[in-house]
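Hi,

Here is the structure I promised to pass on to you. Have a look at it first, and then read my notes below.

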Amino acid sequence: MATNSGSSNPKTGPVSGNPPPISNETKAAIQDAAKASAIGSHVPGESGGSNVTVANASDSGKKVKSEKELERERKKAEKQAKFDQKKAKATSTASTTAAISKSKEKKAKAEKKAEEDALPPYKEDTPVGEKKIIKSFEDPQYKAYNPTAVESAWYSWWEKEGFFKPEFTADGKVKPEGSFVIVEPPPNVTGNLHMGHALGNALQDVMIRWNRMQGKTTLWLPGCDHAGISTQSVVENMLWRREQKTRHDLGRTEFVKTVWDWKNEYHTNINAVLRRMGGSFDWTREAFTMDDNFAAAVTETFVTLHDQGIIYRANRLVNWCTKLNTALSNLEVFNKELTGRTLLDVPGYAKKVEFGIIVHFKYKLEGSDETIEVATTRIETMLGDTGIAVHPDDERYKHLVGKNAVHPFIEGRLMPIVADDYVEKDFGTGAVKITPAHDPNDFALGQRHKLEFINILTDDGNMNENAGPYVGQKRFDVRYTIQDDLKKAGLYVDKKDNPMTVPLCLKSNDVIEPIMKPQWWMSMKDMAADALKVVTSGEIKILPESAEKSYIRWMSNVNDWCLSRQLWWGHQAPMYFAQIYGEEHDEADGKLWFAGRTQEEAEIKARKALPGKNFTLKRDEDVLDTWFSSGLWPFATMGWPNKTHDLEHLFPTSVLETGWDILFFWIARMVMFSLKLTGKVPFTEVYCHSLVRDSEGRKMSKSLGNVIDPRDVIEGIALQDLHNKLLLGNMNPTEVEKATKFQRSSFPDGIPQCGTDALRFALVSYTTGGGDIAFDVRVIFGYRKFCNKIYQATKYMLGRLPADYVPPKEAKPTGNESLAERWILHKLTIAARDINQALGDREFMRSTSIVYQYWYSHLCDVYIENSKAILQDGTPEEQKSALDTLYTAIEGALTMIHPYMPFLTEELWQRLPRRLEDKTPSIVLARYPTYQTAMDDPASEAAYELVLSISKGIRSLMAEYSLKDEGKVFILPTDATSHTTATAQYQSIKSLSGKGVSSITILPTSTERPSGCVVFSVSSAAAVFLHVKGRVDIDAEISKATKKLEKAKQGIEKQKKILGDEGYKSKVSEELQGVEERKLKDLEVEAKAFEETIGQFEGLRLE
């Protein structure tokens, strides 16, 4: 039983009415498709030589292609996909341009009509979690594609039915088809999801849904990261803004409780967006990096690695952020390059601070009037100087080695002058001031020469008691006052521009200070070597290749990892310090620290190590770097350190899809931890997607106002509402002003409603595995129009199905199909073959191009249009066959595009009548199309491509010569096969050629070209002639034909040059050489046709 509303759904709304005729948009698209066609050689106003392609799409029995040929194909696919995007964008832009060009009166009428046609707010009648009640296409909300209506209700049903849970066999094993598992890169729990998240999730869901539809045991595991620094910073800012309180006012326990409350609010919001995006997550397995299992995993990891000596205590220089009051890893520091003097904004300072200069000054020598000149880019650090180094071979300073310089501002401080090969005697003055406690290079010098390590800074960035008269002053205020004091003391020499790098905190933009702190460190050398080996051996594959090279480069030069963070939000280090009664408590001494899964375990270890000592244990207040817990993500989410069913059967995972910018932050650490703790790789493949930038190519940034909320693209948003959202965050007024300006220029009319499916498809279509993505909402809106194309095509088919229609039991040819049917089935199976290959190769852009071309260029623009004549005028048998084929073509198209467009495809698939014995409850679980040998019919493809090319040629000639009616057409095949095809497909050619054609005559192959005609050279197989005598300007046509002849000749010369190159013949496959030879033959036929046309016009002129 078939209706236009979903006969397989027990809850359906009323059904009535016939579907409307195919839209003008579709008809217009046929004309556009003529230009985009790969077949034919004469497009109005264009050269005929560049468009001739007749290729055998069958791949069975093909020789293996070379790497260069595959790369050429990949680039061609990318080019095609970019063209599709451009077409989608142009479709969107065209309507805007047309609207601007209308008169005010027309605009007013259009606005009035839009008001009248505006839909009321959509109301969903389906109870949450129940299968959607399908409404008739006559319902105003469903007459045309309406994302709000289409996307409603499905997700809660999918989730309730458990479609996203992994399916195991009866004995709990992975299904015979295999498994496919992705753990979602956990977003920061207090962050708002942006287009970067949307891109990653779209790609992951495409892979997950594709594998699920192949029958595999499939899991996409969701979760969030506690994001220690980011979350604490956000909550502290909120606390101050709302209550003028700091975390210290609340105390640790109350502050952490506040963060949990904040986390729960944002966590719910994040999950709502992920559901809105259609992500097929198994929410029953959701993880959080601070949940109980993760806490146990973190503790187990830390204690194990400490017991093995891999984690150790050391008093070293760390990257200190005075704004956040915590240490940072090198990866959390951005090194800003300066070419010279630059004023930078620094948190906590009203005025900008000077950087990119070097100050020269002198130190006096003890007991002498002699001085020694040094230079520094951080003059305030001279308060921590404890020595001066010179090169041992520098004759200028040999007599000074062993003597002391006197600090001018710190009473009693003498600074030894030492000789060291580290110093470059020809650089600067040849003398280097040494500040061991505030500079990484000086740290090593200080250790070698046993100099004093003096810290001059408080954790807040003020001068401490070691800074003498400057105690209590802010570090960058001292930068200026100390120069004045050096001038007063007669020790100031000069200040010059100096290229340099300034280390900045990625979170706060504060200038990083190297400060000595006793911290927990992790030895990385051996673990990094193991993690490097699994990539170089191919056990883990990283795509694209550039990301793999970066990984190898970084892992070959890795430094030890500082784990400690001076925060309250995070995993507190499971380390306990033994405070021994009557002894000094040196917390830098690693021997007095004991690891424990519990305090009792730590106490047992302490008593064994400190026999006879009386002590109390104090837990380390520091927490661990967020990436420490994130590094356990792939296996801790599966239950590790416990032995669970998931860990046994679903680990290692399959693919880790993420941005290349966290390759070292996260990916490398997951590989190291997994190998060390489980003995297995965490995943076998890493795919690094591109970064999403704005339409101007800039990185997304809150301060620029170019961070786009996916929901704003899905649902649409007015410009003023975009402005209002800027006021909800932590941006300062200057940033708000800048962001508002960007929004006004980029989205003058706000963001139009695009829908989830269009957004997902657009993001996947952007993904080449290469450069970054320039986000443009017009491209996405263009894909909404593509969604409407799919919607209307399916709606058309459903309207054509009889009420009692039952599709064939299997989707395979019967042998009675027409040529057009055999052609579309061939296109379906080739698209299925190619898209499966593309997805397997992670060629995401190519995959979208394949399914887009099948839906748009083959199914909608050709087969549906051609099937109308059969469905109206064919015999009952022909009509039944055409409907069966149309059903198979659309069913296959819906399942093929489902991973990209889950909501639209479910809405339409549920309306299809089911095949016999098909009990599949949802398209989510339907089988993905695969290559079917029975449908692969290259002969029919070639024959029908000839039909299409001929009809295209007729339309092109009619358009070029502006003939609206009474078009007299002649078709001249050049061989028997073409003649047979054209004769048999006469009716198809006529229906595809347009209403302006009054007659079509198929000439015998030996016939002379008809007089009074212009020609369209279809290929070497046929030519089309249009009678124009008495209807055109002959001189103008001779001029046009002459130009086209010249272009054709140029094309012939180019092809001959290519084919005559000996190197070409040795490097290129015979198949590709055959393609180029056919191009040459077609061009020669085309040139001959143009010569004949010119000759004929010359003859017409003389008549």
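Predicted model: local features only at pLDDT ≥ 70, side-chain atom pairs only at ≥ 80, totals over all residues.

A search of the whole structure turns up 62 salt bridges. One of them joins Glu907 to Lys132, with the closest N and O atoms 2.7 Å apart. Glu907 sits in helix α28 and Lys132 in the loop between α3 and α4, so this pair ties together parts that are 775 residues apart in sequence. Glu907 is buried at 0% relative accessibility, and Lys132 is buried with a relative accessible area of 0%.

Another salt bridge brings Lys495 and Glu354 together at 3.2 Å, N to O. It links strand β16, which holds Lys495, with strand β9, which holds Glu354, 141 residues apart. Here Lys495 is partly exposed at 34%, whereas Glu354 is buried at 3%.

In β26 (residues 653-659), seven of the seven residues are buried. Six bridges join β26 to β27 (residues 683-689), and the two run parallel. Between them the chain passes through helix α19 (residues 663-677), in a right-handed β-α-β crossover. Glu657 stands opposite Tyr687 in β27.

Last, the alanine: Ala869 belongs to helix α26 (residues 844-873) and is partly exposed, with a relative accessible area of 22%. Leaving aside residues up to four places away in sequence, Ala869 touches Gly874 and Ser991.

Happy to hear what you make of it.

Best wishes

Technical notes. Residues numbered from 1 in each chain as written. Heavy atoms only, no water. Buried < 20%, exposed > 50% of the residue type's maximum accessible area, 1.4 Å probe, protein only. Helix = DSSP H or I, 4+ residues; strand = E, 2+ residues; numbered from the N terminus. Pairing = 2+ DSSP bridges. Right-handed = clockwise from strand over helix to strand, strands pointing away. Contact = heavy atoms within 4.5 Å. Salt bridge = Lys/Arg side-chain N within 4 Å of Asp/Glu carboxyl O.
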